[in-house]
Amino acid sequence: MIATSGSRSFDDVARRLEEAEATIEALLSGQIDAVLDADSKSPVLLASAQDALRHSEERYRTIVETASEGIWTLDENFNTTFVNRRLAEMLGYRADAMIGRSVLDFAGKRSGASDARLLLQYSLHNASEEHEVALARNDGSELCVLLKSSPIRQSASQDDGTLVMLTDITERKRAAERLQAFEDRTRFALEVANVGVWDADFVTETARWSEQLEAQYGLKPGTFGGTLEAFISHIHPEDRAEVIEKIAAAGESGLDFSMSNRAIWPDGSVHWLTNQGRVELGAHGEPLRGTGISQDVTERRALEQQFQQAQKMEAVGRLAGGVAHDFNNLLSVIMGWTELVLADLPADSPIRDSLDEVLRAAAGATSLTKQLLAFSRQQIVKPSVFDPNDVVVETQKMLRRLIGEDVKLVTRLDPGLGRVKMDQGQLEQVIVNLVVNSRDAMPMGGTVTVETKNVALDRESARTAADLAPGDYIVLSVSDTGSGMSTEVQARLFEPFFTTKESNKGTGLGLATSYGIVKQAGGHIAVDSTQGAGSTMSVFLPRSMAITDPSPGTAAATSRGTELVLLVEDDLAVRRVTTGMLKSMGYSVISVGSGEEALKLLSDGLNVQLLLTDVVLAGGMNGPALVREVRAQWPRLSVLFASGYTSDAASLRDLLDSGAEIVEKPFTANSLGRSVRHVLDARSEAERSRARS
Amino acid sequence: MASRSENSSNLRLRLYVAGNAPNSLRAIANARAICEQHFAAAYELEIVDLLEHPLRALADAIVVTPTLLRLMPLPVQRVIGNLDDGTKTLMLLTGR
């Protein structure tokens, strides 16, 4: 029964015959594809099979040639045996020009950190791993491909070559780079603008926060809990209901929302945040996800409040300026008549003391209006050269009153102190502000020391100690024995509206104004303070080498004159007291109540030497307008303005530059006399020099 | 596959074909269908391409393709052609 292929048994022969018959039958019915030629040991394909084979080869070729991947076959030495059309396109060669060349000839320079040639070799030896490799195009440019190789096996025993599949990822990489660049830019913008980003998944009840957002809530990066519950828990308890309501409303409407809420930091501080957000709805209108941005607006809110405060102050200032004008007129009358009466009284008159008290009260009122005007920046700045010691001495009495009985005032004044050039009233203001500040630092009492000395700053100390140009300075320092200041307070000390006092006690403007005044004078205020050990504020002012201007009082002897003065003043009381003062100094006076009247008198040929006019006049023509008119027709006439403040200093400037002067209201007989004399003398000096030339 | 070949009662077949020639493809499809239908539990079908392995064909005394060899159970049986006649093929495969 069992037949082996070599036997010649009957069964075997019979089977061979049957097989032969079946073979012929199959051949005749066209069921045979190939015949094996036993002699040549090679198969012979029948025609129909050849067609089929060709068809299938064509099919494969079509697949290979239309593939969007590059296909590259290599022999065992990695020389090119075939490239498809796509690969030839990628590299910019004709396909046949690549045949026979080593694949390594087409390696680019670098692939990331690696040498492209080495990486290409490595990936050919490590089949089935994908690698990003740079290849060089015919034109020298590089392209980036994703490369995967696999050995081609004709028989089990040996590799006959390598099949390489390549995908061009240059565009993909470029797009990824662009995306990365866009992301980097966006992240940078969000970081720099300090914008926090959140997103929430309402289905899983999870949330993500960016590091900026965590920072806005005072959290360290990565410490936000990651749930909606944690999200809500970081919001100020009073704002939670509103936030939840807003997000819920947006979840129903699908509309963008914006809101403000407070965040409580772990250190207890409260920060204001604004949020813009959006809720994405599902197919049935249910909220799926939310995203939003958040910004810390604490500083902006503070600035807005400061701005409002500043506007309020400006309004107060304007009001003060208006009141001060009328007030100054009243003070002029009070002081003027008191002085005139005092001048006529015998030295031993019993009412002299009473009148001195009236003057003292009026002087106090004068400094009050000056302070009001300082707020509204309508104070007239009149730089002069003077000894700061004089100012300290003059203000001492007022300072003692200001600081009260529990605080001792000590002055240590350098008798050889240099002069400074600035507005004397402003220095007075600075001293008052600093001393008041010291007093407030010592609620239980203590000592305020005002000290003056000369200082020479060399290059080094000027730069490091005081932020000044090297040179000679005078230093006026105010020290207290009070509570001292923290470095935080010191850093903000001169900021406008920064105050450590209760909101109704300090304006926060005193030190800021002082700082501005000193800076304007080319100086600097240095602060030296240790918490619990008192503070010293040192005012550096550039030393002036000019000669001291005549100090008030010493000029009284030279303030007299006999010239004819035309006085224009709309306030009857002021007009009368001013007339009285001028007459007591020997001048002749014609006074009128309006600019129009003055012009008429001048046109009628009245010959006066000085026009003294108030800046603010009731009626059509104010002081400056009158003076311009007068200047045009009578250019040689001397002009003196009287003013308590100047809200329109710019309109006056050209007049002041061309020789007119201002006497500040309320004036005393002394200050008026000095100014009148000065203007008249300057004019006659100019006349004389014109006559000489 | 290995576990099936250990079982001596299993059907072991070897089909010689010529690449993707039409009768060869038909024979492959027919052989698979018959095996799945009648011997699904235990069979082994090896497909050998004459064009790739002419020497193996010579060793198996193959003259034309497609040729289906029944290697097990013995005796060896041969079915010539594209196996379109399923009944004849089945008879030859199950016969002695």
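Among contacts in chain A between residues at least 6 apart in sequence, what percentage join residues at least 24 apart? The figure is 58%, where two residues are in contact if their C-beta atoms, placed from the backbone, lie within 7 Å. This is a predicted model, in which local features need pLDDT of at least 70 and side-chain atom pairs count only at pLDDT 80 or more, while totals for chains, interfaces and linings use all residues. Residues are numbered from 1 along each chain as its sequence is written, and chains are lettered from A and ligands numbered from 1 in the order in which they are written.

Figure 1. Chain A has 21 helices and 26 strands; helices (H or I, at least four residues) and strands (E, at least two) are DSSP runs, numbered from the N terminus. Of its 693 residues, 29% count as buried. A residue is buried if 20 or more other C-beta atoms lie within 10 Å of its own, exposed if 12 or fewer, and partly exposed in between, with C-beta atoms placed from the backbone. The model scores ipTM 0.82 and pTM 0.39. For chain B the mean pLDDT (the predictor's confidence in each residue, from 0 to 100) is 81, and 90% of the residues reach 70 or more. Within chain B, helix 1 (residues 2–6) has the lowest confidence, with a mean of 39, and strand 1 (residues 11–17) the highest, at 90.

**Figure 2. Where chain A touches chain B.** Here 24 residues of chain A are in contact with 25 residues of chain B. On the chain A side, the elements that give two or more residues are helix 1 (10–28), strand 1 (34–37), strand 2 (42–45) and helix 2 (47–66). This side has 15 nonpolar, six polar and three charged residues. In this classification Ala, Val, Leu, Ile, Met, Phe, Trp, Tyr, Cys and Pro count as nonpolar, Asp, Glu, Lys and Arg as charged, and the others, Gly among them, as polar.

**Figure 3. The largest nonpolar core.** A nonpolar core is a set of buried Ala, Val, Leu, Ile, Met, Phe, Trp, Tyr and Cys residues joined through C-beta atoms within 7 Å. The largest one has 35 residues, and those with the most contacts inside it include Val565(A), Leu610(A) and Leu640(A). Among the elements that give it two or more residues are strand 22 (564–568), strand 24 (610–614) and helix 21 (669–692) of chain A. A second, separate core of 34 residues includes Val420(A), Val430(A), Val435(A) and Val478(A). In soluble globular proteins, nonpolar side chains tend to be buried together. Leaving aside neighbours within four places in sequence, Leu610(A) is in contact with Glu563(A), Val565(A), Ser638(A), Leu640(A), Val676(A), Val679(A) and Leu680(A).

**Figure 4. Ala660(A) and its surroundings.** Ala660(A) sits in the loop between helix 20 (649–657) and strand 26 of chain A. Ala660(A) counts as buried because it has 20 C-beta neighbours inside 10 Å. Not counting residues up to four places away in sequence, Ala660(A) touches Val627(A), Val639(A), Leu640(A), Phe641(A) and Leu655(A). Its C-alpha atom is separated by 7.5 Å from that of Val679(A), 19 residues apart along the chain.

**Figure 5. Two cis peptide bonds.** One joins Lys665(A) and Pro666(A), with omega about -5°. Pro666(A) is in the loop between strand 26 and helix 21 of chain A. In chain B, the bond from Met72(B) to Pro73(B) is cis, with omega near -10°. Pro73(B) belongs to the loop between strand 4 (67–72) and strand 5 (77–80) of chain B.

Figure 6. Most residues other than glycine have a negative phi, and most peptide bonds are trans. Phi of Phe78(A) is near 65°, and this residue is in the loop between strand 3 (70–74) and strand 4 (80–83) of chain A. With 19 C-beta neighbours inside 10 Å, Phe78(A) counts as partly exposed. Phi of Glu205(A) is near 60°, in the loop between strand 10 (195–201) and strand 11 (206–209) of chain A. Glu205(A) counts as exposed because it has 11 C-beta neighbours inside 10 Å.
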